[in-house]
Amino acid sequence: MSMTMTQKILAAHAGLEQVNPGQLIEAKLDLVLGNDVTTPPAIKVFEETGAADVFDKSKVALVPDHFTPNKDIKSAEHCAMMRTFAKRFDIDNYYEQGEAEMGIEHVVLPENGLVMPGYAIIGADSHTCTYGALGAFATGVGSTDLACAMAAGQTWFRVPEAINFKLSGQLKPGVTGKDLILHIIGMIGVDGALYQSMEFTGSGVANLPMSDRLTICNMAIEAGGKNGIFPVDQITLDYLKVFAPERYERGDYTVFSADEDASYIRTIEIDLASVPLTVAFPHLPENAKAIGTFGRVDIDQVVIGSCTNGRMEDMRLAADYLKGRKVSKGLRLIVIPGSQRVYRECLREGLIEIFVDAGAVVSAPTCGPCLGGHMGILAAGERCVATTNRNFVGRMGHPKSEVYLAGVPVACASAVKGYVAGPDELL
Amino acid sequence: MNAQGKAFKYGANVDTDVIIPARYLNTADPTELAAHCMEDIDKSFVERVKPGDMIVAGPNFGCGSSREHAPVAIKASGVSCVIAPSFARIFYRNAINMGLAIMECPEAAEAINDGDELVVDFDSGVIKNLTSGSSYQAEPFPEFIKKIIEADGLVGYISKK
Ligand code: SF4
């Protein structure tokens, strides 16, 4: 029987010729990730398993990013616990605050060359699915899974079925990968891909840069998906040459592609030119509405950043729209470069100055407001347009606050206008 | 293996942010987490819930973050079982690893009303509604999952082996 791209990666890691949907397998892992929220409970479990060491210190990544720089005593203690663990086992990929490679986990792992095509990756963070952009199988798990994987280097999976998103054409100017994924979640719903892979195929893939692919795969979980995945093409290889030169030179990757006759549970064809600028209204990512189809929604805050849209391309796009403009009076604009590398590049290109001149607050890399942790919490009744990935009740603060999810162009236009707006309104 | 208690009924897509809001994630202590369980969807849940009670909800229960704190908070609040037509996949995995019983049963999730008295038999997968007199058949757990739940979670299960 033929297999999808995801199924092929899983079969290879399970040492099997063939896997079938629904099958339970044990698979070897190439990378295991934890953050400052999920690692402390995992450390307790790790101790309980009695493991003497981690399975491979070069294949574990521990990233303090959610409540960092530590927002209070409890988060400081969580981070201290993680730091001690990282030191004790001499973990190669532990990124301390301020270090050149630090930042939000899903921004830094690809940037630091840890994610390669064909890898099988789990992370105790639901947005681990981001790495499918590079042709890897990557999925989120819980802390107990993280602990057992750190000890054993393997875990169990149920082999998923897949939805084929067959893309053609090109996005219209100003429309981004974020609009595409919000549009898709609006179409299929927050459980539209439950337990399934979202595989992106078709001629339109070649027109999506890596930054868009990362954003799209990042939000696969918002449709309930187990993973999102893109085929490996020239864009992928060019990315690796820049961000993972050593592993690329060594050939430390495998290109898997779906069989011609792979069977999908459904195929959804999307002409990229038909994707509108899209905003997800509270309180679910599936409440997608096209710009121009709703009335005026006044807002109090705009956040640009997160693992969804905190990359260099997002910062450059934001600067394009904010240059020479001012944020609406009384509105707070918070810009958070996703990693120290992005931050430094923003400095070099003069983007920080553009943001500050526009009236933005620019923060050190952190998840911060994305999960309602710190650095921009909302009061009751406040509304925020955010380039983040979740708009659940209370996600960015008070349960009576509201989050509107959008791409960078809409976020910038909304910051300047003071209400949810498309970039056309800036002209 | 049986459980008995009252139903707390909720809608579709109950997400991990309402099960345990992120603002409380700077602790991993089950009792502290339980004190805020469901508070953004049902302020009085914590005061009303009694050991053995069950959560009955719509499809895609537990969607959102991978936080294990969610099933931990539910379990520590005394809830014996969550019944829903479907569960978000990471929650499903975490619940089993934490030893929180969950049952996929669309008919039961639909028909049961808030406050109904329920008995669940994990061996047979039968859910009895003592208030209405109806019963429903859910898929019983495979043997290894029953053992994990009896061992209070994956770690207990592994260390027993
Ligand atoms: S930026 Fe937001 S979604 Fe991404 S890892 Fe951090 S908290 Fe999670």
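**View 1. The ligand in the largest cavity of the predicted model.** The ligand sits in the largest cavity, where sitting requires more than half of its atoms to lie within 2 Å of the grid points. A cavity is a set of points, on a 1 Å grid over the protein atoms alone, where a 1.4 Å probe fits but cannot get out. This is a predicted model in which local features need pLDDT of at least 70 and side-chain atom pairs count only at pLDDT 80 or more, while totals for chains, interfaces and linings use all residues. Residues are numbered from 1 along each chain as its sequence is written, chains are lettered from A and ligands numbered from 1 in the order in which they are written, and side-chain values use heavy atoms, without hydrogens and water.

**View 2. The shell around the ligand.** Around the ligand stand 13 residues, each with a heavy atom within 4 Å of it; A:His127, A:Cys307, A:Cys367, A:Cys370 and A:Asn389 come nearest. In chain A, α4 (105-111) and α10 (306-309) are the elements that give two or more residues to this shell; helices are DSSP runs (H or I, at least four residues) and strands are runs of E (at least two). Because domain 1 (5-270) and domain 2 (277-422) of chain A both contribute residues to the shell, the ligand lies between them; the domain bounds come from an automatic or database domain assignment.

**View 3. The open sheet of chain B.** Seven strands form an open sheet in the order β4-β3-β2-β1-β5-β6-β7, with mixed pairing; two strands pair if DSSP finds at least two bridges between them. At the edges, β4 (101-104) and β7 (135-137) of chain B each have a single partner strand, so one side of each is left without a neighbour in the sheet.

**View 4. The pairing of β6 and β7 in chain B.** Strand β6 (residues 126-129) of chain B pairs with β7(B) in the antiparallel sense over three bridges. B:Ile127 has B:Tyr136 of β7(B) as its bridge partner.

Note on methods: On a 1 Å grid over the protein atoms alone, a cavity is a set of points where a 1.4 Å probe fits but cannot get out, and a pocket is an open set with protein on both sides within 12 Å along at least five of seven lines; lining residues have an atom within 4 Å of a point.
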